[in-house]
Amino acid sequence: MTRFWLGGYGPAMDGSADGIGLLAGDESAPTALEYRGAVTQTSSPSWLAQHPSLDVVYAALEADAGVQAFARSGESALRPLGEPVAAGDGVCHVAVSSTGSFLIASCYGDGRVVRIGIDAQGQLVPDAVNKAAELRAALLGEPLEETAPAGVAAAASDPYSGELTATGDARSSHAHSAAFLADGRIATTDLGFDLVRIWRASTGSAAHGLTLDHEVVLPVGTGPRHMVVHPSGHLHVVTEYSCEVFTLAAGRDGTWAVVSSVLTSPIAEIGVDFPAELARTRDSQFLYTALRGSNTIAALRVRGGGEALESIALADSGVDWPRHHLVHEGKLLVAGQRSDTVALIDLDERTGAPLDIRHIAQAPAPTHILPVR
């Protein structure tokens, strides 16, 4: 049976999802996917991530400023594994380390990048400092002062300080995603400050910390959103506002820099189209991004050793507001946040071009698709 966990927006985020959902297809018709209902009662689990070795899924609770772990229970069920752990306002993305010992939460609302520990059972480890404060408050009857969540990394200042957004507002930090690099460092995007930050994870007594290594400054107003690490080591970054994909590479001294950029599509319309996810094929020859606005899928071919991209095709996504997509067994699954649907699109294995829309399944406000392992 083909199965996927679905993240979604609940009423607090103007959606209709009741929690993490299940999308599944029967063995006789694996591509005829159907929504089987919510398997958790969770408010707006907008992004999901799988533990590398345990049957545990982590959800960004975007409306509740927290992250929560869920353990697999049976074939198609999840149960809470501990209570939610505070992260930050508008936490919209979580990425789990290859060791399964911690995750990185990115918070759009306040720009926080948070490292949260994971124990041997897959449960999230709350900040020991905050726990001590809670205990002291309980024992002494003192009011509990608000403290920062575990592992909050201090973000640097805006490289374009004084610039305004397109709407005339002051610029704000908006962390949006994290990716683990081959050398153990961590890349995060700041959509508001047009930055890709490179971090080092602290060790020893500061096991929950992140230390800023350096920053890559992208052109003002580009809005870096999501990333894909290519097997060559290059980092591809899609920008929400300028409809581009920037390719970054590390120099001999370990400093990352932009080596190329390309429009997601020659006919992408800036100010109308807003790229969301960036996904690659198993062989890493093609990348796909979805353009919210025109509701299309842009396909790009990877050139050379991963240092350049070429726009090759643009096709209908089959949904309204394609917030997330992934490549699965040679097909593209696309989550339509506003159409309450998930589309299954055939891909041309040779050219990489999206082909026909094979199937559309109803699902409440889907924002993320995660294969059930």
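The model described here is a predicted one, in which local features need pLDDT of at least 70 and side-chain atom pairs count only at pLDDT 80 or more, while totals for chains, interfaces and linings use all residues. Residues are numbered from 1 along each chain as its sequence is written, and side-chain values use heavy atoms, with hydrogens and water left out.

Strands are DSSP runs (E, at least two residues), just as helices are runs of H or I with at least four, and the numbering starts from the N terminus. Two strands are taken to pair if DSSP finds at least two bridges between them. By way of background, strands of a sheet pair through backbone hydrogen bonds, either parallel or antiparallel.

Strand β28 belongs to an open sheet of 4 strands in the order β26-β27-β28-β29, with antiparallel pairing. At its edges are β26 and β29, each of which pairs on one side only. On average, neighbouring strands of this sheet are turned by 20 degrees against each other, direction ignored; the axes behind such angles are lines fitted to C-alpha atoms (for helices over the stretch in contact), and angles run from 0 to 180 degrees between N-to-C directions.

On one flank, β27 (residues 331-336) is joined to β28 by 6 bridges, the two strands running antiparallel. Val334 has Ala343 as its bridge partner in β28. The hairpin of β27 and β28 has 4 residues between the strands, and Asp340 there takes a positive phi near 55 degrees. On the other flank, β28 and β29 (residues 354-362) pair in the antiparallel sense, again over 6 bridges. The hairpin of β28 and β29 has 6 residues between its strands, with Gly352 in the turn at a positive phi of about 85 degrees.Strand β28 (residues 341-347) is mostly covered, with 7 of its 7 residues buried; buried means under 20% relative accessible area, exposed means over 50%, and partly exposed lies in between (1.4 Å probe, protein chains only). Thr341, Ala343, Ile345 and Leu347 point one way from β28, whereas Val342, Leu344 and Asp346 point the other way, and all are buried.

Another open sheet is built from 4 strands in the order β18-β19-β20-β21, with antiparallel pairing. β18 (224-229) and β21 (256-263) stand at its edges with a single partner strand each, so one side of each is left without a neighbour in the sheet. From one strand to the next, the twist averages 25 degrees. Within this sheet, 4 bridges join the antiparallel strands β19 (residues 235-239) and β20 (residues 244-250), and Leu235 has Leu248 in β20 as its bridge partner.

Turning to the aromatic side chains, the structure holds 2 aromatic pairs. Rings of Phe, Tyr and Trp (its six-membered ring) pair if their centres lie within 6.5 Å; planes under 30 degrees apart count as stacked, over 60 as edge-to-face and the rest as tilted. The rings of Phe102 and Phe180 have centres 5.9 Å apart and planes at 65 degrees, so this pair is edge-to-face. Phe102 in strand β10 (residues 102-107) and Phe180 in strand β14 (residues 175-180) are 78 residues apart, and their pair links distant parts of the chain. Phe102 is buried at a relative accessible area of 8%, while Phe180 counts as partly exposed at 25%.

The rings of Phe274 and Trp321 have centres 6.5 Å apart and planes at 50 degrees, so this pair is tilted. Phe274 lies in strand β22 (residues 274-280) and Trp321 in the loop between β25 (308-316) and β26 (322-328), so the pair ties together parts that are 47 residues apart in sequence. Phe274 is partly exposed, with a relative accessible area of 22%, whereas Trp321 is buried, with 15%.

A ring from each pair also meets an arginine. A charge sits over a ring if NZ of Lys or CZ of Arg is within 6 Å of the ring centre and within 35 degrees of the ring normal. The charged end of Arg115 sits over the ring of Phe102, 3.7 Å from its centre, and that of Arg338 sits over the ring of Trp321, 3.8 Å from its centre.

Finally, the structure holds 3 cavities of 30 Å³ or more. On a 1 Å grid over the protein atoms alone, a cavity is a set of points where a 1.4 Å probe fits but cannot get out, and lining residues have an atom within 4 Å of a point. Grid points are joined across faces, edges and corners, and a volume is the space filled by probe spheres set on the points. The largest cavity holds about 70 Å³ of space. Its lining consists of Ser46, Trp47, Glu62, Cys92, His176, Arg225, His226, Arg323 and Thr367. β4 (45-50) and β18 are the elements that give two or more residues to this lining.

Definitions and conventions: 1 Å grid on protein atoms, 1.4 Å probe; cavity = no way out; pocket = protein on both sides within 12 Å on 5 of 7 lines; lining within 4 Å.
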